[in-house]
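Dear colleague,

My notes on it follow.

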Amino acid sequence: MIEMKNVSKVYGNGITAIHDLSVQIEQGEFVYVVGPSGAGKSTFMRLMYREVLPTKGTVSVGDFDINEMKEKNVPFLRRQVGVVFQDFKLLPTLTVFENIAYAMEVLEKSTRQIEARVEEVLKLVKLEHKTDMYPNELSGGEQQRVAIARAIANMPRVLVADEPTGNLDPDTSAGIMKILETINAQGTTIIMATHNSEIVNKYKHRVIVIDDGRITRDEEKGGYTYEN
Amino acid sequence: MKIRTVGRHIKEGFKSIKRNGWMSFAAISAVAITLLLVGGLIATVMNINELAADIENDVSVRVYVDLAAEEEEQEQLQKDLENLENVENVAFSSREEELENVVGSYGDTFELYQGDQNPLYNVFIVDTTSPEETSKVAKEIEPMDFVSEVNYGGAEADRLFKMTATIRNIGGIIIIALIFTAIFLISNTIRITIFSRSTEIEIMKLVGATNWFIRWPFLIEGALIGFIGAVIPSAALWFIYNSVYGAVSGFFQGTYFSLLTPSPFMYQLILLLTGIGIVIGATGSALSIRRFLKV
């Protein structure tokens, strides 16, 4: 599903974020990406939806070859890869329903399709009773659930979440994890960068540790440890 | 692109114009002023050209008789003129009659020149058989005895054509400068819209909206600014031209001069202005989209 071969990323300012990294992630996996701040986790994730291009090596996602693909096909790659951020990135002037519908409208889905799917994903993230509220009327956990609902509204094959529980308390984080596991159980590959050791140790999944731009450990059902 | 999407893009365009109220107002005003000048200039130049063409089609040649000519010499000249090829009719207008004409058109002040003070000449008005013959006939008359000066529509028309060329050139320079100003203001307005919508753009990109889907609303916003900017001068020119036409056609009654009739001239002009407005708007927008919208 996702394959990186000998990937390096050097930014314009000379900083090397990723060093000769190779990894393979299968469809339907749930993968934690852990490591210290500045280790290259975010760059690793952003390579998958072509927010950054590798300086060396190859990256492929599904049928897309990130290096070779044409600029105009990038939107079609992005439809396969849903993205969730720590800061949610919801539109404050739109309701919960509209925020999710927005992601489908811009792909020119029909009103009927949109209504049915928004209802479905809202049920999945357990927010069906807050459809008409605005983001600032919701708690952080609820806002993150809206962001997740939006990310999966167009049924991507991969969900990339960059510290989705970063700002949330343990109980709320547990709720988010349950939702992510439900989505994963439906067949969506989940790649989640996190600093939260409790979560990694409690909800056991594959753990990839990135340090100084390299994978230093890659274990099935691993725990949260890395050497500083 | 689906019809529904087109509707959505247009709606987004209007929303942005409202949201950036003052910037939009400045941009629309710039387009309006530019197009008012473009329209005014086109109407002026085309009508002067029309007048020049009318004059060119005039068949008469005015022959000014030398003041030194005796009566018999003048009669001889008349006969010579009548005997020329391509001459249909020769009429005489004495200097007294000429002065009366001047007094009639320009006012009583010229009555001072009555009698010996009269600076005008006796004139033969020679009508040729067709407009094409006037300049040839005029050239044949020029070397004749006791001819002081020969005047015909062609020369007058040439002067008018030269005048319209000058107006066109000067107006053209002003208009080009104004068009650049309008484009600059529009591209600034669009730039503000792009910045104010950066989160929306980011989300659209992340969920995989196509690049053109993201660009269209901005392009439409620019085109709408151009279009609205064209409506105002179109309406203004419509009223101005119709009232000028009404006033002038009374004045021209009984002559072979006329202005271009409002229909179809005004319709063509309005269509042209609207087209220019939309192109200016879309261009200004395209500049900002290229520079500031990273899709």
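May I begin with a question: is A:Arg117 buried or exposed? A:Arg117 is buried, with 20 other C-beta atoms within 10 Å. Here a residue is buried if 20 or more other C-beta atoms, placed from the backbone, lie within 10 Å of its own, exposed if 12 or fewer, and partly exposed in between.

Two remarks on conventions come before the rest. This is a predicted model, in which local features need pLDDT of at least 70 and side-chain atom pairs count only at pLDDT 80 or more, while totals for chains, interfaces and linings use all residues. Residues are numbered from 1 along each chain as its sequence is written, and chains are lettered from A and ligands numbered from 1 in the order in which they are written.

Surroundings of A:Arg117

A:Arg117 belongs to helix H4 (residues 111-124) of chain A; helices (H or I, at least four residues) and strands (E, at least two) are DSSP runs, numbered from the N terminus. Apart from neighbours within four places in sequence, A:Arg117 is in contact with A:Met104 and A:Ala153, contact being C-beta atoms, placed from the backbone, within 7 Å. A:Ile152 is 35 residues away from A:Arg117 in sequence, and their C-alpha atoms are 9.8 Å apart.

Helix H3 (residues 96-105) of chain A packs against H4(A) at an angle of about 130°, with the axes 10 Å apart. Axes are lines fitted to C-alpha atoms, for helices over the stretch in contact, and angles run from 0 to 180 degrees between N-to-C directions. H3(A) is therefore oblique to H4(A); angles under 35 degrees count as roughly parallel, over 145 as roughly antiparallel, 65 to 115 as roughly perpendicular and the rest as oblique. From H3(A), A:Phe97, A:Ile100, A:Ala101, A:Met104 and A:Glu105 meet A:Ile114, A:Arg117, A:Val118 and A:Val121 of H4(A). The residues of this contact comprise seven nonpolar, no polar and two charged. Ala, Val, Leu, Ile, Met, Phe, Trp, Tyr, Cys and Pro count as nonpolar, Asp, Glu, Lys and Arg as charged, and the others, Gly among them, as polar.

Nonpolar cores

A nonpolar core is a set of buried Ala, Val, Leu, Ile, Met, Phe, Trp, Tyr and Cys residues joined through C-beta atoms within 7 Å. The largest has 104 residues, of which A:Val33, A:Met48, A:Ile100, A:Ala149, A:Leu159, A:Val160 and B:Val31 touch the most other members. H8(B) supplies the largest share of this core, 12 residues. A second, separate core of 13 residues includes B:Val65, B:Leu81, B:Val123 and B:Tyr152. Beyond four places in sequence, the contacts of A:Ile100 include A:Val146, A:Ala149 and A:Arg150.

Helix packing in chain B

Helices H2 (residues 21-56) and H6 (residues 153-196) of chain B pack at about 170°, with their axes 8 Å apart. H2(B) and H6(B) are therefore roughly antiparallel, and H2(B) passes H6(B) in a left-handed crossing. Their contact is made up of 27 nonpolar, 11 polar and three charged residues.

H6(B) also crosses H8(B), at roughly 145°, with the axes coming within 10 Å; this crossing is right-handed. B:Ile186, B:Thr189, B:Ile190, B:Thr193 and B:Ile194 in H6(B) meet B:Phe218, B:Glu221, B:Gly222 and B:Ile225 in H8(B).

Between the chains

Contact between the chains involves 15 residues of chain B and 14 residues of chain A. On the side of chain B, helix H7 (198-207) and helix H8 (211-251) each give two or more residues, and H7(B) gives the most, with eight. That side divides into six nonpolar, five polar and four charged residues.

Backbone points to inspect

Most residues other than glycine have a negative phi, and most peptide bonds are trans. A:Lys89, in the loop between strand E6 (81-84) and H3 of chain A, has a positive phi near 55°. A:Met155, in the loop between helix H5 (140-153) and strand E7 (158-162) of chain A, has a positive phi of about 50°. A:Lys89 counts as partly exposed, with 18 C-beta neighbours inside 10 Å, and A:Met155 is also partly exposed, with 13. A cis peptide bond, with omega about 10°, joins B:Ser263 and B:Pro264; B:Pro264 lies in helix H9 (residues 262-292) of chain B.

Yours sincerely

Key
Left-handed = near helix turned anticlockwise from the far one by under 90°. Contact = placed C-beta atoms within 7 Å.
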